[in-house]
Amino acid sequence: MDIQGVLTGAQEALTVRRVFGEPYERDGVTVIPVAKVAGGGGGGQGAAPNGEGEGSGGGFGLRAEPAGVYIVRGEEVSWEPAIDVNRLILGAQVVVVAVLLVVRAVVKRRRKRG
């Protein structure tokens, strides 16, 4: 395995072109998509102490998710963040469970007193 090739591929994958998408224009408004991009890689190689064998290995991972868009209208630029609906739903579920646990504890305490 060519470790240098893996690292070169990682470098090429983590460019500004991965963060800012191709702008597009409609009705005089330009939209520039933006993503959060993260990645990492590693590799190594070695030989057996007695010289009978050698090996190498490497890997790379890349994650990208929408961050939002820049909207350009004439001289004015604004930012519209992307909304992660799954994260909103999960957050709402956590809040509901917490409220139910608090209500349950209050009801139990009142029953013991009464």
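Colleague: How exposed is K36?
Modeller: K36 is partly exposed, with a relative accessible area of 48%, where partly exposed lies between buried, under 20% relative accessible area, and exposed, over 50% (1.4 Å probe, protein chains only). This is a predicted model, in which local features need pLDDT of at least 70 and side-chain atom pairs count only at pLDDT 80 or more, while totals for chains, interfaces and linings use all residues. Residues are numbered from 1 along each chain as its sequence is written, and side-chain values use heavy atoms, with hydrogens and water left out.

Colleague: Ok, and which side chain does K36 meet in a salt bridge?
Modeller: The partner of K36 is E65, at 4.0 Å from N to O; a salt bridge here is a side-chain nitrogen of Lys or Arg within 4 Å of a carboxyl oxygen of Asp or Glu. K36 lies in strand β2 (residues 29-47) and E65 in strand β3 (residues 54-73), so the pair ties together parts that are 29 residues apart in sequence. Strands are DSSP runs (E, at least two residues), numbered from the N terminus.

Colleague: How many salt bridges does the structure hold?
Modeller: There are two, and R63 also forms one with E65, the closest N and O atoms being 2.8 Å apart, which links K36, R63 and E65 in a network.

Colleague: Is R63 buried or exposed?
Modeller: R63 counts as exposed, at 55% relative accessibility.

Colleague: Switching to the sheet, what order do the strands have?
Modeller: The open sheet of four strands runs β1-β2-β3-β4 with antiparallel pairing, and two strands pair if DSSP finds at least two bridges between them.

Colleague: Which strands are at the edge?
Modeller: Those are β1 (24-26) and β4 (76-81), each of which pairs on one side only.
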